[in-house]
2 protein chains.
Amino acid sequence: MKQKLQELKQLLLEVDDLQMATAVLYWDQTTNMPPGGAAARGRQAATLTRLAHEKFTDPAVGKLLDALQPYADSLPYEDDDASLIRVTRRQYEKSTKIPAQLLSDFYTHSAATYQVWTKARPANDFTVVAPYLEKTIDFSRRIADCFPGYDHIADPLIDFNDEGMKAATIRAIFADLRQQLVPIVQAITAQEPADASCLHQSFDENKQLAFGQEIIKQYGYDLERGRQDKSPHPFTTKFNLGDVRITTRVKQNDLNEALFSTLHEAGHAMYEQGINRDFDGTPLGTGTSAGVHESQSRLWENLVGRSRGFWQHYYPKLQAAFPQQFNDASFDTFYQAINKVSRSLIRTDADEVTYNLHVMIRFDLELQLLEGTLAVKDLPEAWHGRYQSDLGIHAPNDSDGVLQDVHWYDGWVGGGFQGYTLGNIMSALFFDTAVQAHPDIPNQISRGQFSTLHGWLKDNIYQHGSKFTANELIQRITGGTLTIDPYIRYLRNKFGELYPL
Amino acid sequence: MKQKLQELKQLLLEVDDLQMATAVLYWDQTTNMPPGGAAARGRQAATLTRLAHEKFTDPAVGKLLDALQPYADSLPYEDDDASLIRVTRRQYEKSTKIPAQLLSDFYTHSAATYQVWTKARPANDFTVVAPYLEKTIDFSRRIADCFPGYDHIADPLIDFNDEGMKAATIRAIFADLRQQLVPIVQAITAQEPADASCLHQSFDENKQLAFGQEIIKQYGYDLERGRQDKSPHPFTTKFNLGDVRITTRVKQNDLNEALFSTLHEAGHAMYEQGINRDFDGTPLGTGTSAGVHESQSRLWENLVGRSRGFWQHYYPKLQAAFPQQFNDASFDTFYQAINKVSRSLIRTDADEVTYNLHVMIRFDLELQLLEGTLAVKDLPEAWHGRYQSDLGIHAPNDSDGVLQDVHWYDGWVGGGFQGYTLGNIMSALFFDTAVQAHPDIPNQISRGQFSTLHGWLKDNIYQHGSKFTANELIQRITGGTLTIDPYIRYLRNKFGELYPL
């Protein structure tokens, strides 16, 4: 059995080598590549992706998994070998159950849709992309149908990003969250808005980067096993567990941009850096789901990085780095500015309180599209209706409405959004549990010390990689299931202090 | 036939995609990678290299080549399709004739040798690496024997880097060159040495890089299809014909380092950038040989970049960039400094006149090692003897003697050195021919204009990629064979003016 396991690992390592090389190609493309390299680079990445897929879906992998199943069954559930076999089998089934022809047709369609969308959005013309979106929904249903036995047609699609999560559960949790959030947003936005002008002065770009990098080093992001570069959109990428990189973008006149995206991406990166090194090169060697990954980026960005205690330590340092800009701004002015809540149209620009409303609108609409209870032609109106009822705001066009996010136009419809809000909910749940275990954590944060929190997260979440699903992790950590209570409590406490609720 | 040709091109493109991705991995490794990434990166690059080799040596490639041979035979020699089939077949034979087991055993041995060498050089201990080198020579002979019918056992090894060149021809050319060079070196080094101290002041590193980059842009290096980064050793790499990058290293107290390595690498890069874009992704889409490639780096570094006319235009600009350092240095002082000739131990630091003596010593010794007329145990003594007779200098140790270059310790022995000197010889031959066609080129260089020269090189050399061998190119361009006359004339003219000969 050990020999068969070795064979499996060898095959998986080759797949991983190809995937990680593809990640390097993509990283280089967005950080360094001269314009002339674009055409061939796209083809090179596609070739490597195809070769990795061919190797992973090779029947030899399936045979090895079958042969190893009795061995896995003989081991405890959380044994490394048992987990490797279990998680690899799940991914193998996901990769092999969709017929190659269907997938290839879908990719062709998807590439065409993306091209149309890149023109439709600036032209504010939903009608040109609508027929493509209809086809995408049809493809999405056919892909879901490759995994029969689901409760809701979105379940298999959700499962790709948030394994084990189901539409019905998420819908119930989101309905609850929405019910609590809408009145909070109403109460806050009825009040005098915070003055965030102190963040919109002129800030030297290199100083901004240096300030953020100093913080994430103290967080525990290991620059011996990572680095930060600039790119048009911030992201985290990994070439192996010893090389986990982040990117950011810097705006000279907006301190929010580089600083909080740096803290956000560092959260993702610390998760990957904290995975058991023995899992490197296997399907266990990566974060377990979109939601859990996002819980870490949001925890370090928001629960730590936008907290009062954190800035009690760092605001004097920020003032020292930018004396001209901040010597006349009080701590409270700054703290209110970085936590300003407002009704806004764009998801990616939204604050902590309203962000989830944006996400849940998209999640609800995509379920309806998949169910057939909402027609594509009625989507813009449904979008505007929900923005009116949830956020009290009406987009003047579809560019900042239904055409806003790339998700529905460069992949299938379903499963791409829920992770953002599941992550926010989990961020508070995990943080709350960590503080219960180590009540000194908030005080440590006010002193710029993060090792207790980081250590708890490593021990309880990071090290496991993909060994446990999100629900399994939550069960292990809290003894229960996903609940929004800590998250609502967190928002009420924090924003109740800023805005009387 | 067109369909079979399409199939071949498709297979070759996949091989190229893997090879170019490997080049990106290597580039990233030397320019950006954090220390933690090293172990996995080596494995990833090895996997991609292996996959590329497996795909290229697949019998399907051989069958397609066989099927296409009648088509190739029906076309003119220089037809693109005929050339693709011809050059691919040559490479296919080189890649398939060495048994996989022999190659794999050799790589294992080679990796071990390299490890020993990295310790032997600083320890000045040739004896620990000598038994490895003996094995390497044995491997080199066995690899050469995979290509029976050679005149000299080094011929097949030379052919890998300088296709069509033979030991006997090169030996004769080198003997002639040596005979002319040794007295020139003696005559020059008997005179008062130039004062190069103006190059060894303190120079801002970014200003050094900016100055070099401005020149290579004017040369015609296209930064829309390239970029420059810093790395421990300068090199040129290509990810496709639209993305040809160079690297350099900067020394704060040595202006030579970044400046001339930038001009050198730009020569390599302009060659690749000038190749017919239709050849991209095929074996035709790269420079044709080590020697021709080096002819371009040396032409732009030395024949242009160290010439009197060139600096008549650029020295005032250098003075403007570094006024404190150069306002008191006359043009002649500077020009003598960048062309200082001296007896030195290290090949890579050598000047234009002595450089070839270093190379030819290595070439002669490796032929003797392969022939068996020189034993490994006698190599250090033979090395010192040749340095004494050719350069009039004696290394105090083997670290700066026979252990100096990595070539013999990370690959086979034979074929790795001749390209440097063949390149120097060809650089003058090509430049001479270009000036015969366009006598105004030297005047243009004195005005900082390079488009006539660059255009001639593109038309006569660059565009052809690997279509013609070095000898074929020389025949097409000059109507004759390789001759050292223009090179000797160039050295005599230039250095005769600096040092009365």
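Q: How is chain A built, which of its elements touch chain B, and what is the contact between domain 1 and domain 2 of chain A made of?

A: The model is a predicted one, and every value below is computed from it. The secondary structure of chain A consists of 21 helices and three strands. Its C-alpha trace spans about 70 × 50 × 50 Å along the principal axes. A compact globule of 501 residues would have a radius of gyration near 23 Å, and chain A agrees with this because its own value is 23 Å.

The interior can be described in two ways. Of the 501 residues in chain A, 44% are buried. When contacts with a separation of 6 or more are considered, 72% of those in chain A join residues 24 or more positions apart.

Helix α17 of chain A covers residues 418-437, which makes 20 residues. Within α17(A), 15 of the 20 residues are buried; a residue counts as buried if 20 or more other C-beta atoms lie within 10 Å of its own. The helix is therefore largely enclosed by the rest of the structure.

Chain A also touches a partner. In this contact, 29 residues of chain A meet 29 residues of chain B. On the side of chain A that touches chain B, the elements giving two or more residues are α1 (2-31), α2 (38-56) and β2 (236-240) of chain A. Of these, α1(A) gives the most, with seven residues. Sorted by class, this side of chain A has twelve nonpolar, eight polar and nine charged residues.

The division into domains comes next. Chain A is divided into domain 1, residues 2-97, and domain 2, residues 197-344 together with 419-468. The C-alpha centres of these two domains of chain A lie 29 Å apart. Their contact takes 18 residues from domain 1 of chain A and 17 residues from domain 2 of chain A. On the domain 1 side, the elements that give two or more residues are α1 and α4 (80-97) of chain A. The largest share of that side, eleven residues, comes from α1(A). By class, the side of domain 1 of chain A that touches domain 2 of chain A has nine nonpolar, five polar and four charged residues.

A:Asn124 lies in the loop between α5 (100-123) and α6 (126-144) of chain A. This residue has a positive phi of about 55°, although it is not a glycine. With 13 other C-beta atoms within 10 Å, A:Asn124 is partly exposed. In chain B, B:Asn124 likewise has a positive phi of about 55° although it is not a glycine, and it lies in the loop between α5 (100-123) and α6 (126-144) of chain B. B:Asn124 is partly exposed, with 13 other C-beta atoms within 10 Å.

Technical notes
Residues are numbered from 1 along each chain as its sequence is written. Chains are lettered from A and ligands numbered from 1 in the order in which they are written. This is a predicted model: local features need pLDDT of at least 70, side-chain atom pairs count only at pLDDT 80 or more; totals for chains, interfaces and linings use all residues. Helices (H or I, at least four residues) and strands (E, at least two) are DSSP runs, numbered from the N terminus. The radius of gyration is taken over C-alpha atoms; the globule rule is 2.2 Å times the number of residues to the power 0.38. A residue is buried if 20 or more other C-beta atoms lie within 10 Å of its own, exposed if 12 or fewer, and partly exposed in between; C-beta atoms are placed from the backbone. Two residues are in contact if their C-beta atoms, placed from the backbone, lie within 7 Å. The expected span of a helix is 1.5 Å times one less than its number of residues. Ala, Val, Leu, Ile, Met, Phe, Trp, Tyr, Cys and Pro count as nonpolar, Asp, Glu, Lys and Arg as charged, and the others, Gly among them, as polar. Domain bounds come from an automatic or database domain assignment.
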